[in-house]
Amino acid sequence: ALCNPDWVFLSCGSGEVFDDVVAYAVEHGYHGAENLSIIPGEVGASAVQNIGAYGVEAKDIIYKVEAVEIATGRVVVFDNADCEYSYRQSKFKHEWKDKYLVTHVIYRLQKTFRPDLDYGNIRSALEAKHIAEPTAQQLRDVIIEIREAKLPDPKVLGNAGSFFMNPIVEKAKYEELAALYPGMPHYTIDESHEKIPAGWMIDQCGWKGKSLGRAGVHDKQALVLVNRGGATGEEIVKLCETIQEDVKQKFGIEIHPEVNVK
Ligand SMILES: Cc1cc2nc3c(=O)[nH]c(=O)nc-3n(C[C@H](O)[C@H](O)[C@H](O)COP(=O)(O)OP(=O)(O)OC[C@H]3O[C@@H](n4cnc5c(N)ncnc54)[C@H](O)[C@@H]3O)c2cc1C
């Protein structure tokens, strides 16, 4: 790790387990990754998928990405801006798809702890524990607790985490829906855009806990599709498409998978 008075630069091999990096950072007082605790997968994919949770995305902590150009073996180092990160997107998923192998990700973490608590139920979960100003470890623990209560363990019930991305819609569209569904959850993106949780819409369509063949929708979090045992890829795709149609029908919004469907 390289340091300056404000930041720590942590170079991690792409095959490292991402959560090991988060745990290491928390342990050493390097901040910014706490909200990304226990997202499954490796460091390389964090830079490809721009993984995110609880208001923080990998792009917020990625400084540079080192990769090998597969065709030539040339080593290249991309700046964060080169990767064109946005919600679960990067150039690695589009123009650079199958062109580069990420070898290292250099994360930039803060020495000062400025926790991001205003997303989902982080604050209420902390309040329930009578914690007003959490330490980084307490924040990590609470995130782990919330996630474990909501997300099925892939070793027990096959799943890929959140299956769909939360759609970002024009403010006018949001207002039209909010009039029809007064309790509709939403996150303001900017003056003219709102993000609507896809899981809420799927739930409203009656899918939570339901199945289509051997593929189903998780009973605690409708954003997660699960394999109830022996479901084929085709069954998962069929369920995905049926849900997409239902959401489109009811809300007039297209939802798209977060997972890469080959
Ligand atoms: C229970 C559960 C919860 C989840 N929660 C979240 C969440 O909160 N937020 C979130 O964002 N995601 C979440 N996910 C999704 C998943 O954790 C991420 O997509 C993660 O990045 C996958 O990591 P992986 O190493 O398995 O990548 P893979 O699925 O193996 O790869 C993902 C993509 O990256 C490419 N890739 C991987 N490594 C490299 C490399 N070194 N160089 C070039 N390309 C590469 C692959 O080709 C593929 O296209 C969850 C998944 C599960 C099962």
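In the predicted model, a nitrogen atom of the ligand lies 3.5 Å from an N or O atom in the side chain of Glu258. Two further side chains are placed against ligand oxygen atoms: a polar side-chain atom of Arg88 is 3.1 Å from an oxygen atom of the ligand, and an N or O atom in the side chain of Gln49 is 3.5 Å from an oxygen atom of the ligand. The ligand taken alone exposes 980 Å², of which the protein buries 72%.

The shell around the ligand consists of 25 residues, and the closest are Pro40, Glu42, Gly52, Val102 and Arg147. By class, 13 of the shell residues are nonpolar, eight are polar and four are charged. Two or more residues each come from helix H2 (43-49), strand E3 (52-53), strand E7 (100-110) and strand E8 (158-162). The largest contribution is that of H2, which supplies four residues. Both domain 1 (2-150) and domain 2 (158-251) are represented in the shell, each with at least three residues.

The secondary structure of the protein comprises seven helices and 14 strands. Along the principal axes, the C-alpha trace spans about 50 × 50 × 40 Å. The radius of gyration of the protein is 19 Å, which agrees with the value near 18 Å that a compact globule of 262 residues would have. Of the 262 residues in the protein, 45% are buried.

Key:
Residues are numbered from 1 along each chain as its sequence is written. This is a predicted model: local features need pLDDT of at least 70, side-chain atom pairs count only at pLDDT 80 or more; totals for chains, interfaces and linings use all residues. Side-chain values use heavy atoms; hydrogens and water are left out. A residue is near a molecule or strand if one of its heavy atoms lies within 4 Å of it. A polar contact is a pair of N or O atoms within 3.5 Å; within protein, one must be able to donate a hydrogen and the other to accept it, and residues adjacent in sequence count only if both atoms are side-chain atoms. Accessible areas come from the Shrake-Rupley method with a 1.4 Å probe; for residues, only the protein chains shown count as cover. Ala, Val, Leu, Ile, Met, Phe, Trp, Tyr, Cys and Pro count as nonpolar, Asp, Glu, Lys and Arg as charged, and the others, Gly among them, as polar. Domain bounds come from an automatic or database domain assignment. The radius of gyration is taken over C-alpha atoms; the globule rule is 2.2 Å times the number of residues to the power 0.38. Buried means under 20% relative accessible area, exposed over 50%, partly exposed in between (1.4 Å probe, protein chains only).
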